[in-house]
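Morning, everyone. Please bring up the model on the screen. I'll talk about the ligand and what surrounds it.

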Amino acid sequence: MRFELTEEQNLVLSTARDFARREVEPKAASLDREARWPTEIIAQMAELGFMGMAIPTEYGGAGLDHLSYALVMAEISRACASTGVIMSVNNSLFCDPVYKFGTEEQKKRVLTPVASGQKLGAFGLTEPSSGSDARTMKTIAERQPDGGYLLNGAKNWITNGPHADYIIVFAISTPDPVKPRHTAMILERGMPGFTVAAPDHKLGIHAAHSATIFFENVHVPKENVVGADGEGFKVAMSTLDGGRIGIAAQALGIAEAAFEKAVTYSKERQSFGGSISHHQAIQFMLADMATEIEAARLLVLRAASMKDRGVKHTAESSMAKLFASEMATRVTHKALQIHGGYGYSTEYAPERHYRDARITEIYEGTSEIQRIVVASSLLRG
Ligand code: CAA
C-alpha cells in the first residue's frame with residue numbers, strides 16, 4: 001500500500017490550497033452572513049478545472065482522477081463549505097452520471113458546458129415526503145408516443161437548484177405499489193412547466209442556495225433521458241456512491257478548518273498562568289481531533305482510490321461519509337469549546353464551521369442510511 005500522492009496529485013493539491021486560501025477563505029464569512037451565491041468564485045473554479053475534475057478533457061473536464069477531486073473538495077470546503085458543496089454537486093451528482101450513463105449527444109450538448117463550468121448542474125432525487133426512502137418518490141414521468149415523458153411532481157432541498165441550467169431528475173415511470181421503476185432525465189432551465197421556488201433558509205452552508213423545484217406537465221424529450229427506462233434508481237444510487245466521497249471530503253475540510261483555528265487559539269489564549277494549550281484538557285481534545293481527522297482522511301482517500309480503480313466502493317463511500325461527517329461534528333464542537341465564549345460569537349469562524357458541519361450528516365444520505373448501506377453490504381457477504 002502506498003500513502004504518497006503522485007506528483008500530479010500534489011500539484012493539484014497545492015494549486016487548490018493556494019487558491020482556496022487566497023481567493024475563497026477571505027470571503028467565506030461574508031458569503032455566509034449575506035447568504036450570497038459565490039458567482040465569481042465559481043467562475044474562477046471553472047478556470048482551474050474544478051467543476052468537472054474527473055471528466056475527460058474531450059467533454060470539458062480536467063481529465064483528473066477522483067482522488068484529486070477529493071483532495072480539492074477538502075481544500076475548498078476548508079475555506080468555505082458552501083462553495084465546496086456547489087462544486088461537489090456539479091462534479092459528483094451531475095457530471096458523473098451524465099458521463100457514466102448519458103448518450104454521446106448528451107455528453108457533447110450538456111456535459112461539456114457543465115464540466116467546463118460554463119453551465120451549472122444539479123440533482124433532483126429528494127421530495128417533500130421521501131428523503132431517506134428515496135424509492136417511494138411521487139414524481140411521475142408518463143411515457144409519450146414520441147418517446148419522451150410528461151413530468152409532474154416536485155423535488156426539494158435541491159442544492160444549486162436556484163442557479164442550475166440543468167438538473168438530473170428521477171421520476172417513477174412504471175408505478176407499482178411494491179416495486180415502482182424509475183427513469184432519470186435531464187431538465188433544462190426554461191422548459192415550460194418547470195419552476196424553481198425561492199432559496200431555502202438553513203442552519204448553515206448559507207451561500208449554497210437550495211430550493212424546491214416543481215414540474216407541471218413538463219415535456220421532457222427522449223434526447224434527455226439518461227440511461228434506460230426503468231433503470232433510474234440504479235443511476236441515482238451509483239451516483240451517490242461517488243457523491244458521498246465528495247461530502248466526506250467536504251466534512252474533512254470543515255474539520256480541518258476548525259482544528260487549525262483551535263490550535264492557533266489555544267496557543268494564544270491565556271488562563272491560569274499560561275496559554276490554554278498547556279492544559280491537558282485542551283491537549284487531549286486537540287489530540288483526539290487530530291487523530292479523528294487523519295482517520296477520516298484515510299477513509300476518504302481509500303474510497304476515492306477504489307472509484308479510480310473501478311472497484312465497487314458502495315460500502316467504503318458510505319463508511320467514509322459516515323465517519324467523516326460525524327467526526328466533523330465532534331471536531332467542530334470541540335473547536336468551539338476551546339474558543340469558549342468567542343467560539344459562540346458570530347465574529348469568529350468556529351460557529352460557522354459548527355453549523356456547516358451538521359449538514360454533512362444529513363445530505364446525500366443521513367448517517368442512519370450510511371449505516372444501512374454498510375450493514376447490508378456486510379451481511380450480503
Ligand atoms: N449502485 C447501483 N445500484 C444500486 C445501488 C448502488 N450503490 N444500491 C442499490 N442499487 C439498486 C439495487 O440493485 C436495486 O435494483 P433492482 O431494483 O434492479 O433490484 C435497486 O437499486 C433498489 O435497491 P434497494 O432495494 O437496496 O433500495 P431501497 O429502496 O432499499 O433503498 C437506500 C436503498 C440505500 C436506503 C436508498 O434509498 C438511499 O440511498 N436512500 C438515501 C437517499 C439519499 O442519499 N438521498 C440524497 C439526496 S441527494 C442530496 O442530498 C444532494 C445534496 O443536497 C448535496
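Two domains each give at least three residues to the shell around the ligand: domain 2, residues 121-233, and domain 3, residues 240-380. Keep in mind that this is a predicted model.

How many residues surround the ligand? There are 26. The closest are Ser132, Arg135, Thr159, Arg244 and Glu364.

Now the helices and strands. Helix 4 (81-101), strand 3 (149-159), helix 6 (232-268) and helix 11 (367-380) each supply at least two residues of that shell. Which of them gives the largest share? Helix 6 does, with seven residues.

What kinds of residues are these? Twelve in the shell are nonpolar. Seven are polar, and seven are charged.

Look at Thr159: an N or O atom of its side chain is 2.9 Å from a ligand oxygen. Lys234 also uses its side chain, with a polar atom 3.1 Å from an oxygen of the ligand. Glu364 uses its backbone: an N or O atom there lies 2.8 Å from a ligand oxygen.

How much of the ligand does the protein bury? On its own, the ligand exposes 1100 Å². The protein buries 74% of that.

Last, the pocket. The ligand takes up the space of the largest pocket.

Methods: Residues numbered from 1 in each chain as written. Predicted model: local features only at pLDDT ≥ 70, side-chain atom pairs only at ≥ 80, totals over all residues. Heavy atoms only, no water. Near = heavy atom within 4 Å. Polar contact = N/O pair within 3.5 Å; in protein donor to acceptor, adjacent residues only side chain to side chain. Areas by Shrake-Rupley, 256 points an atom, 1.4 Å probe, with all protein chains shown as cover. 1 Å grid on protein atoms, 1.4 Å probe; cavity = no way out; pocket = protein on both sides within 12 Å on 5 of 7 lines; lining within 4 Å. Sits in = over half its atoms within 2 Å of the grid points. Helix = DSSP H or I, 4+ residues; strand = E, 2+ residues; numbered from the N terminus. Nonpolar A, V, L, I, M, F, W, Y, C, P; charged D, E, K, R; others polar. Domains from an automatic or database assignment.
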